[in-house]
Amino acid sequence: MKTKIIACLLGLVAILVYSCQSEQELEFMRYYTTGQELYKTNCQNCHGAQGEGLAALIPPLTDSSYLRKNKQQLACYVYNGLKLPIIVNGKAYSGQMPASSLAPIQIAQVLTYVENSFGNKMGLHDVNAVNTELTKCE
């Protein structure tokens, strides 16, 4: 009986905590959760389950200052692919990343996941930002 009461109280606390989330927090979680699935389907094969990359061929996505410095170009890299050599965490990578067939909302979701996983904490990368960034792709 005591265990059931404790379980009910914990359930009520969980409901209260969830209901207290702001719309912005809920939006972030929607992007992040969907982005995680998109990452598994479209990115994980090369970048790894933990964003560790693939030796000298594929750059890591872990706690990377590269992501922070190039945040406004990332949507273009996902959409168009990346053919130029890049330096990530002091290491040069010259492999090519293929273009994706993801829609802008999906790019925003996968970027939100990557930018907030693997040691990264960069917040929401919403579809409006992605749409703006895609108009500036070179």
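**View 1. Helices and strands along the chain.** Helices (H or I, at least four residues) and strands (E, at least two) are DSSP runs, numbered from the N terminus. By that count, the chain has seven helices and two strands. Going along the sequence, they come in the order α-α-α-α-α-β-β-α-α. The radius of gyration (taken over C-alpha atoms) is 18 Å, well over the 14 Å that the globule rule gives for 138 residues, so the chain is more spread out than a compact globule. That rule is 2.2 Å times the number of residues to the power 0.38. This is a predicted model, where local features need pLDDT of at least 70, side-chain atom pairs count only at pLDDT 80 or more, and totals for chains, interfaces and linings use all residues. Residues are numbered from 1 along each chain as its sequence is written, and side-chain values use heavy atoms, with hydrogens and water left out.

**View 2. What is tucked away in the chain.** Of the 138 residues, 35% count as buried, meaning under 20% relative accessible area, with exposed being over 50% and partly exposed in between (1.4 Å probe, protein chains only).

**View 3. A look at Pro-104.** Pro-104 sits in helix H6, which covers residues 104–114. With a relative accessible area of 26%, Pro-104 is partly exposed. Setting aside neighbours within four places in sequence, Pro-104 is in contact (heavy atoms within 4.5 Å) with Val-127, Val-130, Asn-131 and Leu-134. Take Asn-131: Pro-104 and Asn-131 are 27 residues apart along the chain, yet their C-alpha atoms are separated by 6.4 Å.
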